[in-house]
Amino acid sequence: MIFAAGLGTRLKPLTDTMPKALVPVAGQPLLWHVIMKLKAAGFERIVINVHHFASQIVNYLQAHRNFDLDIRISDETEMLLETGGGIKKALPLFDPDSPILIHNVDILSNVSLDTLFPERHPDALLLVSQRNTKRYLLFDDEMILDGWTNIETGEVRSPYPSLDPSGMKRLAFSGIHVLWPHVFPLFREMPDRFGIIDFYLKYCNQCAFMGLEKSDLRLMDVGKLDTIGEAEQFLKE
């Protein structure tokens, strides 16, 4: 699933006339880069959620004959459902017996996406890295998710009341993760609109949500105008 519904406010004025997914980087829209990466990794069915300038994304896909893939649209034009609600709404569009890879449209990386499906899999696998940010996921020594913290405010969220963040591995979420089918029913217990981190924090004491830290990970968040030039250099390298 590609998250392409966001308003892209940090990319204004470009997103005053187009969705973030169609902002060009190195001559091609962000959406093209993610679709090509998924196709190269062997993915055949892709669900894309849409909201902001939704018809432009639909028309772009039709003009390219869906890149010879089974591409399905999850329409959020009535209301943005956030990352968790977006997955909940899109679940009927997937094979109920297959895991789902989630990928933000504005993320570029050097990760091989087909390596994120280990035979002995957890309930969810979150690609994480050591990078500077305000908000971090907290993992134990076995890389199982136990909580979240905002280091600027000191806020800690966890189902474990006595969790001490100082004793945890503190890693940043990449916006790339995999969910396995046996957790799909838990989405029914969530509201229509919620963030996926809320889901992970609610159930991390019941499920094995594992972080995957790749030491050679290079990640580029194309979220602001001044990162577009950096992203083009990133792709060249």
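What follows is a short chat about a predicted model.

Reader: New to this one. Which residues have the most contacts inside the largest nonpolar core?

Author: Keep in mind that this is a predicted model. The residues with the most contacts inside the largest nonpolar core are Ile2, Leu31, Ile35, Ile48 and Leu61. That core has 41 residues.

Reader: Which elements each supply at least two residues of this core?

Author: There are helices and strands on the list. The helices are α1 (30-40), α2 (54-63) and α5 (228-236). The strands are β4 (45-50), β7 (107-109), β8 (124-129) and β12 (169-179).

Reader: And which gives the most?

Author: Helix α1 does, with five residues.

Reader: Which residues of α1 are buried?

Author: Leu30, Leu31, His33, Val34, Ile35 and Leu38 are buried there. Just after α1 comes Gly42, with a positive phi of about 100°.

Reader: Back to Leu31. What does Leu31 touch?

Author: Setting aside residues up to four places away in sequence, Leu31 touches Ile2, Ala21, Ile48, Ile57, Tyr60, Leu61 and Val105.

Reader: What about a second core? How many residues are in it?

Author: The second core has 35 residues and is separate. Ile87, Met143, Trp148 and Val183 are included in it.

Reader: Ile87 sits in which helix?

Author: Ile87 is in helix α3, residues 82-90. The buried residues of α3 are Gly84, Gly85, Gly86, Ile87 and Ala90.

Reader: What do the buried residues of α3 pack against?

Author: Several strands and a helix. The strands are β1, β4, β5 (70-75), β6 and β12. The helix is α4 (196-203).

Reader: New topic. Where is Lys20?

Author: Lys20 is in the loop between β1 (2-3) and β2 (24-25).

Reader: Does Lys20 count as buried or exposed?

Author: Lys20 counts as buried, because its relative accessibility is 15% and the cut-off for buried is under 20%.

Reader: What does the side chain of Lys20 make a polar contact with?

Author: With the side chain of Asp106, at 3.2 Å. Apart from neighbours within four places in sequence, Lys20 is in contact with Gly8, Leu11, Thr15, Leu30, Val105 and Asp106. Among those, Leu30 is one of the buried residues of α1.

Reader: Let's do strands. How many residues of β12 are buried?

Author: Nine of its 11 residues are buried, so β12 is mostly covered.

Reader: Which strands pair with β12?

Author: Strand β6 (residues 100-104) pairs with β12 in the antiparallel sense over four bridges. Strand β8 runs antiparallel to β12 too, and five bridges join them. Strand β9 (residues 135-139) is also an antiparallel partner of β12, over three bridges.

Reader: Give me residues. Which residue in β12 is the bridge partner of His103?

Author: Ile176 is the partner of His103. Leu125 stands opposite Val178 in β12. Phe139 stands opposite Lys169 in β12.

Reader: Are Cys204 and Cys207 buried or exposed?

Author: Cys204 counts as buried, at 3% relative accessibility. Cys207 counts as buried as well, at 14%.

Reader: Last topic, aromatics. How many aromatic pairs?

Author: The count comes to nine. Phe199 and Tyr200 form one that is edge-to-face. Their centres are 5.8 Å apart, with 65° between the planes. Both residues are buried.

Reader: What kind of pair do Phe199 and Tyr203 form?

Author: A tilted one, 5.2 Å centre to centre and 55° between the planes. Both lie in helix α4, four residues apart, about one turn of the helix.

Reader: Why do Phe199 and Tyr203 count as buried?

Author: Phe199 is buried because its relative accessible area is 0%. Tyr203 is buried because its relative accessible area is 1%.

Reader: Which residues form one aromatic cluster?

Author: Phe187, Phe194, Phe199, Tyr200, Tyr203 and Phe209 form it.

Definitions and conventions: Residues are numbered from 1 along each chain as its sequence is written. This is a predicted model: local features need pLDDT of at least 70, side-chain atom pairs count only at pLDDT 80 or more; totals for chains, interfaces and linings use all residues. Side-chain values use heavy atoms; hydrogens and water are left out. A nonpolar core is a set of buried Ala, Val, Leu, Ile, Met, Phe, Trp, Tyr and Cys residues joined through side-chain atoms within 4.5 Å. Buried means under 20% relative accessible area, exposed over 50%, partly exposed in between (1.4 Å probe, protein chains only). Contact means heavy atoms within 4.5 Å. A polar contact is a pair of N or O atoms within 3.5 Å; within protein, one must be able to donate a hydrogen and the other to accept it, and residues adjacent in sequence count only if both atoms are side-chain atoms. Two strands pair if DSSP finds at least two bridges between them. Rings of Phe, Tyr and Trp (its six-membered ring) pair if their centres lie within 6.5 Å; planes under 30 degrees apart count as stacked, over 60 as edge-to-face and the rest as tilted.
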